[in-house]
Amino acid sequence: MKAKKIIIFLLVFAMIICIGGCNIINKVKDVGSNEDEVEVVKSDDEFEITCDDNMRNTVLYYKNESGFLVPVMRKIPWEEGIAKAALRNITNSPAIREDISVIGLEPIIPAGVQIKGMSIDKETGLCKVNFTSEILNYETEDDEYNLVKGIVYTLTEFPAISKVKIMIDGKAAGTMKFGTNLTQALLREDINYMASGEENTSKVVVYYKSTTNGDYEYYVPVTIPTLAPNANVSSALQALFDGPPEFSGLYTDIPEGVALQGIEINSSIAFVDVKVDDLTIFEDQATYDAMATNIGLTLEQFDDIAEVEILIDGKVLEEAGLDLVDDNAMPVFANEY
């Protein structure tokens with residue numbers, strides 16, 4: 001009799017597990033399903049799963065309280081249509097807002113926006129994404145700028161996508177209420193652009209730092225106009241060492257008393273020579289590592305650089321009398337959370 005009760009209990013328990021599991025699967029399908037697809041030229045088969053346990057390292061763009069776009073690498077569950085999943089993770093919802101509020105950031109796509117469809121042309125790299133009209137529910141010019149730039153930068157993090165065409169309710173979008181032109185495909189350019197008011201001939205992207213709550217610091221890519229005829233490593237690094245634009249609220253990991261002396265590229269290695277007023281600045285390895293990361297992020301925009309080696313007054317670290325470790329590697333992600 002006792003054995004019979006045990007068998008009945010196990011059967012009931014198995015049924016509960018089965019029903020619960022089916023509900024979970026159904027909920028996952030509800031989140032990812034979208035029957036109103038537009039033309040799918042290419043599936044997501046070419047998107048690479050880059051980490052274990054079926055998660056994918058994905059760079060998403062949020063905004064901070066000062067209106068800067070901030071890239072953050074996050075692990076999101078792999079699914080068919082991973083690019084759409086990326087957009088859902090930057091859309092305003094109670095769960096997303098609460099999640100990223102810990103690091104002081106905010107989602108960029110208005111609440112209630114649905115992705116009605118997406119297509120990716122393998123040959124041209126054009127991604128067409130069709131949103132519902134709630135995407136127009138924003139208030140300010142900065143919101144519009146970050147909305148459009150954030151979508152374009154998030155999608156072009158995927159290797160198969162090089163440009164983005166935004167559609168609304170299945171129709172080609174025109175000019176947005178603060179003047180952003182959506183009639184053409186949009187390219188990945190001019191993130192956090194800071195105009196100087198002067199006539200400039202080129203632009204570089206420089207990584208500065210910021211924080212919202214004082215607990216979590218993050219790097220912010222800023223597009224800086226320069227007087228150089230073409231964007232180059234010297235103008236980019238000089239902008240970094242000069243410091244962020246006044247009143248931007250940004251800062252750097254370049255310690256006070258450290259100045260740029262020169263840079264030379266040889267065999268894909270950038271040798272960055274700095275002058276240091278007081279070597280005790282680098283008694284802490286973390287201070288040196290932060291400076292090296294800041295330099296590496298700013299040099300990542302140049303395809304001919306694979307490594308960075310920092311020289312102190314023309315000497316390698318050991319010759320300069322510094323007991324520091326540096327693998328010369330370029331940083332992979334600006335921010336991770």
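Modeller: We'll go from the whole chain to single features.

Modeller: Ground rules first: this is a predicted model, where local features need pLDDT of at least 70 and side-chain atom pairs count only at pLDDT 80 or more, while totals for chains, interfaces and linings use all residues. Residues are numbered from 1 along each chain as its sequence is written, and side-chain values use heavy atoms, with hydrogens and water left out.

Biologist: How many helices and strands does the protein chain have?

Modeller: Helices (DSSP H or I, at least four residues) and strands (E, at least two) are runs numbered from the N terminus. Here the protein chain has 6 helices and 12 strands.

Biologist: What percentage of the protein chain is buried?

Modeller: Take buried as under 20% relative accessible area, exposed as over 50%, and partly exposed as in between (1.4 Å probe, protein chains only). Of the 337 residues in the protein chain, 43% are buried. As for surface, areas come from the Shrake-Rupley method with a 1.4 Å probe, and for residues only the protein chains shown count as cover. The protein chain exposes about 18000 Å², and carbon and sulfur atoms supply 52% of that.

Biologist: What share of the contacts joins residues at least 24 apart?

Modeller: A contact is a pair of heavy atoms within 4.5 Å. Of the contacts in the protein chain between residues at least 6 apart in sequence, 64% join residues at least 24 apart.

Biologist: On to loops. Where is T180 placed?

Modeller: T180 is in the loop between β6 (171–172) and β7 (186–187). With 23% relative accessibility, T180 counts as partly exposed. Leaving out residues up to four places away in sequence, T180 touches E144, V148, G174 and T175. The C-alpha atoms of T180 and E144 are 7.7 Å apart, although 36 residues separate the pair along the chain.

Biologist: What is the backbone phi of S268?

Modeller: Phi of S268 is near 70°, a positive value in a residue that isn't glycine. S268 is found in the loop between β10 and β11, and counts as partly exposed at a relative accessible area of 35%. D190 is another case to look at: phi is near 60°, again positive in a residue other than glycine.

Biologist: Which residue meets D190 in a salt bridge?

Modeller: The rule is a side-chain nitrogen of Lys or Arg within 4 Å of a carboxyl oxygen of Asp or Glu. The side chains of D190 and K203 meet that way, at 2.8 Å from N to O. This pair links distant parts of the chain, with D190 in the loop between β7 and β8 and K203 in strand β8, 13 residues apart. K203 is partly exposed, at a relative accessible area of 38%. Shared partners also join K209, E217 and D253 into one salt-bridge network.

Biologist: How many salt bridges does the rule give?

Modeller: The count comes to 8. Among them, E79 pairs with R88, the closest N and O atoms being 2.8 Å apart. E79 is partly exposed at 23% relative accessibility, and R88 is too, with a relative accessible area of 27%. Another one is K116 with D169, where the closest N and O atoms are 3.8 Å apart. K116 lies in strand β3 (residues 115–120) and D169 in the loop between β5 (163–168) and β6, so this pair ties together parts 53 residues apart in sequence.

Biologist: Last one. Which residues gather in the patch of negative charge?

Modeller: Patch residues have over 30% relative accessible area and no salt bridge, with like charges joined within 9 Å (for nonpolar Val, Leu, Ile, Met, Phe, Trp and Tyr side chains, within 5 Å). Lys and Arg count as positive, Asp and Glu as negative, with His and the chain ends not counted; each charge is placed at NZ of Lys, CZ of Arg, CG of Asp or CD of Glu. Here the surface patch of negative charge gathers E256, D277, D278, E283, D284, D289, E307 and D327. Take D278: it sits in the loop between β11 (269–276) and α6 (285–299), and counts as partly exposed at 38% relative accessibility.
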